[in-house]
Amino acid sequence: MIVSRRWMVTTIAALAIFAQSAAAMAREAPGSFADLAEKLLPAVVNISTTQTIKNPERVPEMPQFPPGSPFEDFFKEFLERQTRPDAAPKRATSLGSGFIIDAGGYVVTNNHVIADADEITVTLHDDTTHKATLVGRDSKTDLAVLKIDPGKKALVAVPWGNSDDSRIGDWVLAIGNPFGLGGTVTAGIVSARARDINAGPYDDFIQTDASINRGNSGGPLFNSTGEVVGINTAIFSPSGGSIGIGFAIPASLAKPVIDDLKQFGRTRRGWLGVRIQSLDPELAESMGLSESKGALVASINADGPAAKAKLKPGDVILKFDGRDITEMRKLPRIVAETAIGKKTPVEIWRDGKRMTLDVAVGELPEEPEEVAKAPEKPQTQAQGQVVPGTGMTVSPLNPALRERFGLEDDTVGLVVTDVKDGAAADKGIKPGDVVIEAGNKPVRNPADLIKAVEAAKASSQKFLLLRVENPQALRYVALPLAESKKK
């Protein structure tokens, strides 16, 4: 076999680079976490709470006995004792973890650890206990800030790290109070980033395989330099114990919330004043977008920042403050993190082209208005006109139909009175939905919608963009169009 000298040199060089990389990786793997754990343990605390429960459990119903049974009087007396108004309330306790972020006595934990607590006690690493007061809490991110008075005791605080720099595969250390056992150290790696576990509107969890169990909630997740990159919050476990899937709130999300809670006692979040929905490939195609990235504006708060900046329903938000909106759920978190009052550039897609608007970010109202569900109405025989090729029947609104479907007096459009198998049913359109627009044009009678469908087919469009409303939501739907038959 004849091997060229050039090939040998190249191969040897590649092997040398591989060997150097392997050696570097070996050096990065810690031989022990002992020094790091010794430094961090004093900053991690155990949290216990007590709560008074006036009606601790449901009283069982009176068993059925034969008339005159000796057990009848016994059970009657027992149940009366359980339901007496002067019965002593019971005390419930819970355990969790936390960590000190300020030598003045500020402690961070999860909101669910201290929720509804009458008393909160913080136990330091040296087993001394302190009564804690609640500074502020935020249920949306499940965070809370407590304050203890350390007296003359010097507290050890830990610094925040940049969780955005954490990479999948990085070492992490979790310290907490699992099952009430006290300071416990576990190690693992970052298993995944940006996990959405449907815990709240700002889900962006770090997933780790470091052992996390009940009682670890509120404890810190450290990087290899001893900085807090996450707050351990939840586990996935069919059995209730650790199976190597734990979730931590990233520091980049937690720190601004904690700063607000310390300063104001509540969270001040940026607010855009829009209702958004995901952009699927069919919606993207119907709007002339090559990719299904961004957040589609379904509706706009009349008095919100977006309305003042002239955003419109049907706009697709592609960038906010220079950050790409690759998927819809990223936008609420990015907006929430933006400074209130900041003039922010928003890049949108409208009418087939990109444009940029400046929006002055507002403050999210503490109690956003909720839309009540419409009462169920008895079904009556379908009325209206069938829209060919869609499977749905629509009708102009009238008092009887508003009453039937629980629609407001100011609702305008065509109400769907019946849906058969077909394109509309496949897209989740149901009786009671109101078609407001078709092809970005208002529809007020069945002929408008039928004309829009025929025009879209004639121009070889695959989808017709509908704007659909019901008492629970306002959304856009890309309605598939059956191919026109050739004559």
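Let's start with helix H5, residues 251–264. Helices here are DSSP runs of H or I with at least four residues, and strands are E runs of at least two, both numbered from the N terminus. The expected span of a helix is 1.5 Å times one less than its number of residues. H5 has 14 residues, so it should span 20 Å, and its end C-alpha atoms are 19 Å apart, which agrees.

A word on the source. This is a predicted model: local features need pLDDT of at least 70, side-chain atom pairs count only at pLDDT 80 or more, and totals for chains, interfaces and linings use all residues. Residues are numbered from 1 along each chain as its sequence is written, and side-chain values use heavy atoms, with hydrogens and water left out.

Back to H5. Which residues in H5 are buried? Buried means under 20% relative accessible area, exposed over 50%, partly exposed in between, with a 1.4 Å probe and protein chains only. The buried ones include Ala251, Leu253, Val257 and Leu261. After H5 comes Gly265, with a positive phi near 80 degrees.

Now the core. A nonpolar core is a set of buried Ala, Val, Leu, Ile, Met, Phe, Trp, Tyr and Cys residues joined through side-chain atoms within 4.5 Å. The largest one has 28 residues. Phe99, Trp160, Phe222 and Ile231 have the most contacts inside it. H5 supplies the largest share of this core, six residues. There is also a second, separate core of 23 residues, with Met392 and Leu479 among them.

Next, aromatic pairs. Rings of Phe, Tyr and Trp (its six-membered ring) pair if their centres lie within 6.5 Å; planes under 30 degrees apart are stacked, over 60 edge-to-face, the rest tilted. That rule gives three pairs. Take Phe33 and Trp171: their centres are 5.5 Å apart and their planes at 65 degrees, so this pair is edge-to-face. Phe33 lies in the loop between helix H1 (5–28) and helix H2 (34–40), and Trp171 in strand S7 (residues 171–176), so the pair ties together parts 138 residues apart in sequence. Phe33 is partly exposed at 22%. Trp171 is partly exposed too, at 35%.

Phe99 and Trp160 also pair edge-to-face, 5.8 Å centre to centre, with 80 degrees between the planes. Buried or exposed, this Phe99? Buried, at 0% relative accessibility. Trp160 is buried as well, at 19%.

Last, charges over rings. That means NZ of Lys or CZ of Arg within 6 Å of the ring centre and within 35 degrees of the ring normal. Lys262 sits over Tyr106, 4.7 Å from the ring centre. Arg268 sits over Phe264, at 4.8 Å.
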